[in-house]
Amino acid sequence: MAYNKFRWWSKGRPNKPLSNRAHLFDKLENKEYELSYMFKELEDERARAEKLYQEGYNSYKGTDEFGKRYVGYDNSRMARVRCMKLFEEAHKDEEKILDKLFSDFSTWFGVDLESIIMDLPAMDTEELYQYLNETYPRRTAPPVPRVWDQV
């Protein structure tokens with residue numbers, strides 16, 4: 001992805017999200033409900049910031065410890081700023097993903113997922129889909145919201 005002055009902290013989404021009309025299982029295969037891609041970028045950027053710090057620290061020619069640390073921090077400053085922004089945005093993105101997961105699964109299976117999720121054992125999203133598909137009657141198409149219910 002080319003440089004974007006409005007999203008400079010991120011390399012961009014690795015996969016394009018499917019439309020809202022796509023089948024739920026297709027969205028699962030597209031990994032739309034998985035952990036935010038920004039967490040992986042954050043991990044990589046933290047390692048890069050540490051590497052830049054060590055390079056700056058080791059390249060300092062003086063003998064004082066303060067100077068070594070200052071050069072190290074100065075060398076890794078933008079990487080650390082990017083880490084902070086990625087951390088903040090990754091949590092926002094993760095919140096959106098969870099909201100979408102709850103609403104899509106609840107709509108598709110016709111069950112309030114928030115009320116039953118705490119009683120279920122730990123599982124990934126595909127296992128959750130299989131469990132709900134076996135436990136609750138599967139709809140062939142998502143229900144169409146009625147206009148008068150939204151008022």
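## Helices H4 and H6

H4 and H6 are roughly parallel to each other, because their axes cross at roughly 20° and an angle under 35 degrees counts as roughly parallel. In this predicted model, the two axes come within 11 Å, and H4 passes H6 in a right-handed crossing.

On the side of H4, the residues that take part in this contact are Leu-101, Phe-105, Trp-108 and Phe-109, and they meet Thr-125, Leu-128, Tyr-129, Leu-132 and Asn-133 of H6. Helix H6 itself covers residues 125-135, while H4 runs over residues 77-109.

## Helices H2 and H4

H4 also packs against helix H2, which spans residues 37-59, and here the axes come within 9 Å and cross at roughly 165°. Since angles over 145 degrees count as roughly antiparallel, H2 and H4 are therefore assigned to that class. The crossing of H2 and H4 is left-handed, and the residues of this contact divide into 11 nonpolar, one polar and nine charged.

From H2, the contact draws on Tyr-37, Met-38, Phe-39, Glu-41, Leu-42, Glu-45, Arg-46, Arg-48, Ala-49 and Leu-52. Their counterparts in H4 are Ala-79, Arg-80, Arg-82, Cys-83, Leu-86, Phe-87, Glu-89, Ala-90, His-91, Asp-93 and Glu-94.

## Glu-94 in its surroundings

Glu-94, which lies in helix H4, is among the residues of H4 that meet H2. With a relative accessibility of 17%, Glu-94 counts as buried, because the cut-off for that class is under 20% relative accessible area.

Leaving aside residues up to four places away in sequence, Glu-94 touches Glu-34, Leu-35, Ser-36 and Phe-39. Of these neighbours, Phe-39 is also listed among the H2 residues that meet H4.

## The chain as a whole

The secondary structure of the protein chain consists of six helices and zero strands, so that, read from the N terminus on, its elements follow the order α-α-α-α-α-α. Of the 151 residues in the protein chain, 32% are buried.

Among contacts with a separation of 6 or more, residues 24 or more positions apart account for 62%. The accessible surface of the protein chain comes to about 10,900 Å², and carbon and sulfur atoms contribute 54% of this surface.

Notes:
Residues are numbered from 1 along each chain as its sequence is written. This is a predicted model: local features need pLDDT of at least 70, side-chain atom pairs count only at pLDDT 80 or more; totals for chains, interfaces and linings use all residues. Side-chain values use heavy atoms; hydrogens and water are left out. Helices (H or I, at least four residues) and strands (E, at least two) are DSSP runs, numbered from the N terminus. Buried means under 20% relative accessible area, exposed over 50%, partly exposed in between (1.4 Å probe, protein chains only). Contact means heavy atoms within 4.5 Å. Accessible areas come from the Shrake-Rupley method with a 1.4 Å probe; for residues, only the protein chains shown count as cover. Axes are lines fitted to C-alpha atoms, for helices over the stretch in contact, and angles run from 0 to 180 degrees between N-to-C directions. Angles under 35 degrees count as roughly parallel, over 145 as roughly antiparallel, 65 to 115 as roughly perpendicular and the rest as oblique. A crossing is left-handed if the near helix is turned anticlockwise from the far one by less than a right angle, and right-handed if clockwise. Ala, Val, Leu, Ile, Met, Phe, Trp, Tyr, Cys and Pro count as nonpolar, Asp, Glu, Lys and Arg as charged, and the others, Gly among them, as polar.
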